[in-house]
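Here is a short briefing to read alongside the sequence and the model. Take a moment to look it over, then carry on below.

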Amino acid sequence: MCGIVGYIGHRDAYPVIMKGLQRLEYRGYDSAGIALYDGNDINLSKTKGKVADLHKKSQSTISLKGSLGLGHTRWATHGEPNDVNSHPHYSNSGNLVIIHNGIIENYDAIKKELIKRGYTFSSDTDTEVLVNLIEEIKNKENVKLGQAVQIALNEVVGAYAIAVFDKQKPDEIVVAKLGSPLAIGVGEGEFFIASDASPFIEYTNNAMYLEDMEMAIIRLGKEIKLRKIKDDAVAYPSIQELKLNLEEIEKGGFEHFMLKEIYEQPRAILDTYRGRLLAKQGIIKMAGVDENLEKLLNANRIIIVACGTSWHAGLVAEYIFEDLARIPVEVEYASEFRYRNPVITDKDVLIAISQSGETADTLAAIKLAKEKGAFVFGVCNVVGSSIARETDAGAYTHAGPEIGVASTKAFTTQITVLTLIALKLAKEKGVFTTTRFHEYLTELEQIPAKVEKALQSNTLVEIISEVYKDSTNCLYLGRGYNFPVALEGALKLKEISYIHAEGYPAAEMKHGPIALIDEHMPVVVIATNKGHYEKVVSNIQEIKSRKGKIIAVVTEGDQQVKELADHVIEIPETLESLTPLLTTIPLQLLSYHIAVMRGCNVDQPRNLAKSVTVE
């Protein structure tokens with residue numbers, strides 16, 4: 001949520017910031033703004049709408065000169081999306097400018113006190129309150145900007161990533177973080193600030209990531225000054241060499257990032273198990289698992305916490321861990337887990353799943369579990385993210401940057417990592433024979449090629465999409481391992497095409513959803529030849545008898561379902577536990593093509609954000 005970009009150096013700041021904001025559009029936003037310092041004054045432009053709207057407005061309304069600037073894309077929390085509530089925000093004097101990602105929970109009390117002291121507010125935002133609090137402290141305490149920011153942040157409650165600039169000290173930007181990500185790019189005589197590294201990857205490969213409750217003072221010609229916000233203790237910057245490359249965050253000839261990422265899945269799955277899965281030797285090597293094997297093997301239960309698509313991957317993992325490794329598993333929405341006073345002991349293992357590694361609810365669940373003594377294992381995609389740092393151990397998915405808001409390769413690579421862990425534990429527990437273990441490893445090794453084959457259904461899926469693009473409702477059904485895939489398919493359709501869709505266990509159709517089925521209702525049924533096939537066929541017959549339109553995902557060579565369904569999409573045969581890696585592919589394509597045909601913004605669906613860093 002929200003995107004932050006800042007620059008101070010020898011270049012013109014405007015093109016750097018605008019390109020950076022475009023790179024962060026995947027995060028989800030409803031308005032955008034930029035502030036530039038031209039050597040004399042601050043030029044501010046902001047607008048409801050897209051970065052392209054901001055660019056158009058800025059060119060005709062402000063000077064674009066200056067080598068210092070702050071840019072922002074806002075996802076509305078306090079106050080509706082409009083020009084006034086957009087960031088950046090001025091302080092009352094006009095000297096301080098701030099951009100902010102997060103929520104200041106006690107802003108209202110602070111605002112009332114500031115109003116008593118003569119401050120006025122033009123927006124409804126918590127951010128304008130924060131910048132004026134900083135100014136009040138700076139003036140009242142007669143301290144420098146960095147100290148004022150530090151004092152102010154010790155008075156607020158909430159989450160934030162901020163960048164603040166004082167036009168009276170035009171060689172310095174102060175940044176700070178709690179809960180929301182913030183990266184600093186370190187170049188030759190220049191610094192970049194961003195929510196992630198993508199806005200500055202073409203300028204520098206050196207970056208540092210602020211930890212929670214850290215503040216950095218970035219000054220031209222000097223080393224970065226890093227402090228702990230709580231006690232002013234000196235912290236020491238750790239500068240990393242970025243592995244990201246520019247090609248990974250460009251569309252590469254595809255019309256949308258989502259389609260590119262769907263087609264990247266064979267490579268992404270291969271990269272996920274590369275070096276970990278050694279099928280010929282019969283070995284799975286995972287440092288995070290190997291170093292903590294006893295904790296995982298001796299767990300009374302595994303608790304999986306996640307949100308959205310990652311939660312669906314966790315549901316697939318529940319089947320995998322219980323079926324293969326015979327370990328009890330509970331899957332929880334992270335947003336509910338943290339509030340329901342869960343029973344957690346030091347015999348539990350909590351697995352936290354998040355593509356971005358910054359999901360606020362999942363981070364809160366991790367903190368709660370650690371306080372209760374549980375061992376916490378993280379599965380995420382972004383190296384150096386908060387979840388990677390906060391967990392006791394973990395595994396990266398190595399999916400590469402996922403720019404499209406609707407997750408695709410994150411889902412399949414998360415399932416791949418979780419499958420590797422479950423297989424490792426199954427082997428160590430003696431649940432598997434050596435022969436069966438080798439069978440699973442060999443089949444998992446073949447999954448990228450089978451995903452490649454599943455992608456060949458694209459033309460057929462596009463034809464089917466044309467038939468159903470104007471539907472108002474859609475039902476997705478699956479059983480066993482593919483029930484979570486039905487949930488994920490429905491989520492994809494609703495989030496990018498805005499068609500109401502629901503996923504159900506196929507057997508539950510008779511307990512309510514069957515009332516909705518008529519000749520206008522498309523029903524997507526996952527009917528592979530593994531796992532309760534005959535039962536699913538019976539469900540299809542029930543749908544057909546009520547004139548529902550059936551889109552079936554089946555195993556290659558299927559004849560029985562083909563006779564019943566209106567449309568059939570085939571996937572290669574595989575082991576039952578690995579079918580979700582294939583059945584999800586046509587469902588991703590279906591949602592994509594329907595959304596495109598409806599004229600929807602596929603990569604940036606309305607009201608959604610890629611990384612949900614606030615509650």
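Predicted model: local features only at pLDDT ≥ 70, side-chain atom pairs only at ≥ 80, totals over all residues.

**Overall fold**
- Along the principal axes, the C-alpha atoms occupy a box of roughly 80 × 55 × 45 Å.
- Buried residues make up 61% of the 615.
- Among contacts with a separation of 6 or more, 71% join residues 24 or more positions apart.
- The accessible surface is about 23,600 Å², and carbon and sulfur atoms contribute 47% of that.

**Helix H4**
- Helix H4 covers residues 126-141, and its 16 residues span 22 Å from first C-alpha to last, close to the 22 Å expected.
- Because 13 of its 16 residues are buried, H4 is largely enclosed by the rest of the structure.
- At the start of H4, a side-chain oxygen of threonine 125 comes within 3.1 Å of the backbone nitrogen of glutamate 128.
- After H4 comes asparagine 142, which has a positive phi, near 55°.

**Serine 457**
- Where does serine 457 sit? Serine 457 lies in the loop between helix H16 (447-454) and helix H17 (458-468).
- With a relative accessible area of 8%, serine 457 is buried, since buried means under 20%.
- Setting aside neighbours within four places in sequence, serine 457 is in contact with Ile569, Pro586 and Leu589.

Conventions
Residues numbered from 1 in each chain as written. Heavy atoms only, no water. Helix = DSSP H or I, 4+ residues; strand = E, 2+ residues; numbered from the N terminus. Expected span 1.5 Å × (residues − 1). Buried < 20%, exposed > 50% of the residue type's maximum accessible area, 1.4 Å probe, protein only. Polar contact = N/O pair within 3.5 Å; in protein donor to acceptor, adjacent residues only side chain to side chain. Contact = heavy atoms within 4.5 Å. Areas by Shrake-Rupley, 256 points an atom, 1.4 Å probe, with all protein chains shown as cover.
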